[in-house]
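Please read these notes with the model open beside you.

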Amino acid sequence: MYRLKTFISVTVPLSFLCAYPGSAQVLTPAPSNTESGHIQNIAPDEMPDRLRDARDLYRKGDFDHAIQKYQQLLLEHPNSAEVYAGLTRVYLKKKDVKQASDTITKALQVADSPVVRVALGEVYFRQGKISTAELEWVNVIKSGRADARAYLGLARVRWAISMYKSGWKLI
């Protein structure tokens, strides 16, 4: 019976819509910001091999080489939100919150996008600014972008404030 309850609570991720009025916009796609020319997002289908390699190094725990790969990619794609977010996550994994904060601040100036905002929420969460992090993730979700990391961040906020059931609903 417990497994069935867990399965149901995990498979119904949209039940949080009641908690955030007006968040029914989640089902509508977000407008693209690439028309202005200043944001250069790398779609997963068009992802260069080096970005994939950097992500693989991050996942394997080779953070120093991942940082090198991301910095090389920043030289080639200085406006890429994906690269800035990836580099920020590597610094957070290395527990270098100061460097992660500096990186995400640069990213906000160059490529303000939902991907960067989610990474900013992760930095705020790590700094202990839980309500500010929650606000960033909620704004990303309400903007129409159904980002899995934003939902995970909201679940982490719920778990941090001992609201375990609603945290699992977000997952």
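The points below cover the basis of the model, then a helix pair, then the salt bridges.

1. Basis. This is a predicted model, in which local features need pLDDT of at least 70, side-chain atom pairs count only at pLDDT 80 or more, and totals for chains, interfaces and linings use all residues. Residues are numbered from 1 along each chain as its sequence is written, and side-chain values use heavy atoms, with hydrogens and water left out.

2. Helix pair. Start with helix α2 (residues 49-60) and helix α3 (residues 63-76), whose axes come within 8 Å and cross at roughly 155°. That makes α2 roughly antiparallel to α3. Helices here are DSSP runs of H or I with at least four residues, numbered from the N terminus. Axes are lines fitted to C-alpha atoms over the stretch in contact, and angles run from 0 to 180 degrees between N-to-C directions. Angles under 35 degrees count as roughly parallel, over 145 as roughly antiparallel, 65 to 115 as roughly perpendicular and the rest as oblique.

3. Handedness. The α2 and α3 crossing is left-handed. The term applies if the near helix is turned anticlockwise from the far one by less than a right angle; clockwise gives right-handed.

4. Contact residues. From α2 come R50, L51, D53, A54, R55, L57 and Y58; they meet F63, H65, A66, K69, Y70, L73 and E76 of α3. Contact means heavy atoms within 4.5 Å. The contact residues of α2 and α3 divide into 8 nonpolar, 1 polar and 5 charged. Nonpolar covers Ala, Val, Leu, Ile, Met, Phe, Trp, Tyr, Cys and Pro; charged covers Asp, Glu, Lys and Arg; the others, Gly among them, are polar.

5. Is L51 buried or exposed? L51 counts as buried, at 0% relative accessibility. Buried means under 20% relative accessible area, exposed over 50%, and partly exposed in between (1.4 Å probe, protein chains only). The C-alpha atoms of L51 and Y70 are separated by 7.2 Å, with the two residues 19 apart along the chain. D56 also lies in helix α2, and is partly exposed at 30%. Its C-alpha atom is 8.1 Å from that of A66.

6. Salt bridges. How many salt bridges does the structure hold? There are 11. A salt bridge is a side-chain nitrogen of Lys or Arg within 4 Å of a carboxyl oxygen of Asp or Glu. Side chains of opposite charge can pair when their charged atoms come close.

7. A pair within one helix. D102 forms a salt bridge with K98, with the closest N and O atoms 3.3 Å apart. The two are 4 residues apart in helix α5 (residues 97-110), so about one helical turn separates them. D102 is partly exposed at 29%, whereas K98 is exposed at 59%.

8. Two further pairs. D112 and R117 meet in a salt bridge at 2.9 Å, N to O. Both ends are partly exposed: D112 has a relative accessible area of 33%, and R117 has 26%. D147 pairs with R145, the closest N and O atoms being 3.8 Å apart. Here D147 is buried at 12%, but R145 is partly exposed at 30%.

9. A network. R89, E122 and R149 are linked by salt bridges. R89 is found in helix α4 (residues 81-93) and is buried, with a relative accessible area of 11%. Beyond its neighbours within four places in sequence, R89 is in contact with Y58, V115, V118, A119, E122 and R149.
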